[in-house]
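Reader: I have a new model open and would like to learn how to read its features one at a time. Could you walk me through it?

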Amino acid sequence: MLFLSTSEIKNFISIDINTDFDSLSPFIEEAEILFILPLLGQAMYDTLSTDYNDNAGTPANAANLALLPYVQRCLAYYAGFLSIDEMGVNMGDAGIMQTRSENAEPAPKWKVDNLKANRINQADLHAEKLLAYLEATATASILNDWYSSSSNTIASGRILRTAIQASNYIDINESRRLFLRMKPRIKEVEENYIKQLIGEEQYDEIVVQIQAGSLAAATANTALVRKLEPIIAKKALYETVPFIRVQVTDQGLSVITTNDGTITKMAASDTQVDKLRKMLKEPDSGYLANVDQLTKFIEDNIDDYPLIEASTAYTSKPNRPPVIDASKKYVSVWYVE
């Protein structure tokens with residue numbers, strides 16, 4: 001585990017210093033499995049845990065040492081959240097028993113509910129801070145176990161690469177955890193949809209320039225990317241939304257929903273999901289509107305994009321009959337849903 005004592009946990013959350021660490025251990029282990037492993041990835045977790053435990057709680061590797069407080073703060077809140085319902089409750093031969101003290105009494109339900117809400121909200125907030133730190137710090141040589149894992153929240157090699165970038169166009173509040181869920185759809189949108197809009201050669205040129213850090217110098221492609229980003233962000237979220245609240249298991253499909261009395265988190269209804277998806281797609285403000293803007297932009301600036309002009313994406317125009325403009329040497333471009 002990534003805690004060795006109650007006093008370490010107390011550095012991050014309010015907890016009685018006399019609390020038996022053995023009582024907390026099951027919740028720490030569960031929090032690591034449920035929350036920390038998905039954030040770090042198995043390899044990064046194993047590396048950090050080994051360094052931490054082999055060196056009595058002070059990792060020898062400087063990068064691991066700097067990472068540890070971000071992980072521990074996040075872990076403390078998640079473990080604290082998980083422990084609330086069971087601390088002071090014992091299951092034994094006599095049934096479920098509640099522990100009482102002469103100088104203490106159980107907190108009223110409203111205080112427990114407030115504490116649970118605070119713990120999970122703070123845990124999620126610090127999970128985002130942990131991922132932000134990893135994004136800013138990890139490289140191929142520093143914290144590489146996370147950098148090279150599927151937990152990496154940066155969509156490397158893509159036009160739309162970060163939650164901050166996506167948040168310019170969709171309301172995800174820079175959530176890196178949601179962006180991680182979007183990454184497979186971003187890949188599909190860029191490889192299957194964007195290539196239809198601008199051609200494979202133009203797409204590949206942009207990606208190479210992004211990876212080389214030379215896009216800023218390519219002013220025409222920089223302008224084109226600004227037109228592509230909202231299309232990718234909105235369509236990727238459009239494709240992701242139906243899967244966020246659904247789990248697929250050997251028992252079939254289930255909708256994720258929780259009801260904790262005062263604290264209630266319910267899955268959005270089908271109507272609400274459909275409304276959001278419609279907004280993300282509709283021709284007034286959704287990705288279809290951005291496709292029209294892209295089309296007009298390319299029509300007006302086609303001389304700056306010879307790769308598009310030479311591509312089949314520009315010469316084949318499904319779903320909309322070509323409109324001839326006698327004053328120009330080309331026809332109107334395509335429309336793809």
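Author: Gladly, and let's begin with the aromatic rings. A search of the whole structure turns up six aromatic pairs. Rings of Phe, Tyr and Trp (its six-membered ring) pair if their centres lie within 6.5 Å; planes under 30 degrees apart count as stacked, over 60 as edge-to-face and the rest as tilted. With ring centres 3.9 Å apart and planes at 5°, Phe35 and Tyr78 are therefore a stacked pair. This pair links distant parts of the chain, with Phe35 in helix α2 and Tyr78 in helix α4 (residues 62-83), 43 residues apart.

A word on the source: this is a predicted model, in which local features need pLDDT of at least 70 and side-chain atom pairs count only at pLDDT 80 or more, while totals for chains, interfaces and linings use all residues. Residues are numbered from 1 along each chain as its sequence is written, and side-chain values use heavy atoms, with hydrogens and water left out.

Reader: Thanks! How should I read the helix names, and how many helices and strands does the chain have?

Author: Helices (H or I, at least four residues) and strands (E, at least two) are DSSP runs, numbered from the N terminus. Here the chain has 14 helices and six strands.

Reader: What kind of pair do Tyr193 and Tyr287 make?

Author: Their ring centres are 6.0 Å apart and their planes stand at 85°, so Tyr193 and Tyr287 are an edge-to-face pair.

Reader: Which residues of the largest nonpolar core touch the most other members?

Author: The general idea first: in soluble globular proteins, nonpolar side chains tend to be buried together. A nonpolar core is a set of buried Ala, Val, Leu, Ile, Met, Phe, Trp, Tyr and Cys residues joined through side-chain atoms within 4.5 Å. The largest one here has 42 residues, and those touching the most other members are Tyr193, Ile194, Ile198, Leu224, Leu228 and Ile298. Two or more residues come from each of α7 (163-166), α8 (176-198), α9 (200-212), α10 (219-244), α11 (270-281) and α12 (287-300). Helix α10 supplies the largest share, ten residues. Another core, of 39 residues, lies apart from this one and includes Ile13, Phe21, Leu37 and Leu75.

Reader: Now charges. How many salt bridges are there?

Author: Side chains of opposite charge can pair when their charged atoms come close. A salt bridge is a side-chain nitrogen of Lys or Arg within 4 Å of a carboxyl oxygen of Asp or Glu, and the count comes to eight. In one of them, the closest N and O atoms of Lys116 and Asp85 are 3.4 Å apart. Lys116 lies in helix α5 and Asp85 in the loop between α4 and β1 (89-92), so this bridge ties together parts 31 residues apart in sequence. Lys116 is buried, with a relative accessible area of 8%, while Asp85 is exposed at 52%.

Reader: And where do Lys296 and Asp300 lie?

Author: Both are in helix α12, four residues apart, which means about one helical turn separates them.

Technical notes
Buried means under 20% relative accessible area, exposed over 50%, partly exposed in between (1.4 Å probe, protein chains only).
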